[in-house]
Amino acid sequence: GVAAANGLRFYLKKYCNSHVSWSGNRLSVPSPLPKPSGIVTVVIHDKLRYYQNVCTQSYSFVWWDWNRWEQEIDYMALLGLNTALMFTGQEYVWKKVFTDFGLKEEEINDFFTGPAFLAWNRMGNLQKWGGPLSDNWHNLQFNLAMRIVNRMRDFGMLTVFPAFAGHVPRNLTRVYPNATVTHLSSWVGFNCTYSCTSFLEPEDPLFIKIGAAFVNEYNYLFGTDNIYNSDLFNEMTPKTSDPTYLGKCGKAVYESIAAADPKGIWY
């Protein structure tokens, strides 16, 4: 798995004067292969070597096809990385979950941004901008996600899946008129057509129900490595900075994970 790939990279670099990188490869492997003079031990001290940032999902990854993803995962293994975000295709799952909670297709479409802005849709900064997403997009991303997960696990890598952060389509209150939904502030100058997103407050029981349903559906489709990521207030101002309130928000996120996956870790 990852250890073998990382050992290969060490060998290529030290004994073959070869280099593999994002910006280009220099592979000049001699024949016959050079033989080390003895046993070589390389120690990695960290159990989890974490990779990726939530924003890179839209900065770069959103346009990648399978060939580019396969190259990236192989490179991750060569570097010894064994834990990484797997956010591709999550809108496919969200569409299913929001539909199960009674939202109409046009209401869900009105929530999702276009592909290049999905990172900020997921973190509650934007809605609708550049959207909607087509059914073809959802299906392609879901199938791509399946291949990414399988390839990562072939190497023994751990996948970090998304969890619910409280951000919901604005018409959730049509279905649940008593839901405690507030609106976040606008983001970097966007007006409230595209920003001021709806936030389901943590004390509302619906928070745990939606969050658990999302994790359950994700794990049904992909299996799980029990690690999740969630950003509630990315570059946003909560309605209050009171630690008690922020603690309730964090508690609700974790409880929604644990309700579906008792072994779940919010990473």
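A: Asn17 counts as exposed because its relative accessibility is 58%. The cut-offs go like this: buried is under 20% relative accessible area, exposed is over 50%, and partly exposed lies in between, with a 1.4 Å probe and protein chains only. Before we go on, this is a predicted model: local features need pLDDT of at least 70, side-chain atom pairs count only at pLDDT 80 or more, and totals for chains, interfaces and linings use all residues. Residues are numbered from 1 along each chain as its sequence is written, and side-chain values use heavy atoms, with hydrogens and water left out.

Back to our spot. Asn17 has a positive phi, near 50°, and it is a residue other than glycine. You'll find Asn17 in the loop between H1 and S1. Those labels are DSSP runs numbered from the N terminus: helices are H or I with at least four residues, strands are E with at least two. Pro32 is in the loop between helix H1 (2–16) and strand S1 (50–51), and the peptide bond that joins Ser31 to Pro32 is cis, with omega about 0°.

To the contact between them, domain 1 brings 10 residues and domain 2 brings 13, where contact means heavy atoms within 4.5 Å.

How much area is buried between domain 1 and domain 2? About 1,100 Å², and carbon and sulfur atoms give 69% of it. In domain 1, Val2, Arg9 and Trp22 lose the most area to domain 2, together 55% of what that side buries. Buried area here is the accessible area (1.4 Å probe) that two parts lose on being put together, summed over both.

What about polar links? By class, the side of domain 1 that touches domain 2 has 6 nonpolar, 3 polar and 1 charged residues. For those classes, Ala, Val, Leu, Ile, Met, Phe, Trp, Tyr, Cys and Pro are nonpolar, Asp, Glu, Lys and Arg are charged, and the others, Gly among them, are polar.

We can follow Val2 to another asparagine. Setting aside residues up to four places away in sequence, Asn82 touches Val2, Lys47, Leu48, Arg49, Met157 and Leu158. Asn82 is in the loop between helix H3 (66–79) and strand S2 (83–85). Is Asn82 buried or exposed? It's buried, because its relative accessible area is 11%. Its side chain reaches the backbone nitrogen of Arg49 at 2.7 Å. A polar contact is a pair of N or O atoms within 3.5 Å; within protein, one must be able to donate a hydrogen and the other to accept it, and residues adjacent in sequence count only if both atoms are side-chain atoms.

Ser58, in helix H2 (residues 56–59), also has a side chain that reaches a backbone nitrogen, that of Leu118, at 3.3 Å. Ser58 is buried, with a relative accessible area of 5%. Leaving out neighbours within four places in sequence, its contacts include Pro115, Phe117 and Trp120.

One more asparagine has a positive phi: Asn226, near 70°. Asn226 sits in the loop between H9 and strand S7 (227–229), and is partly exposed because its relative accessible area is 21%.

And the whole protein? It comes to 10 helices and 8 strands, and its C-alpha atoms fill a box of roughly 70 × 35 × 35 Å along the principal axes. Of its 267 residues, 49% are buried.
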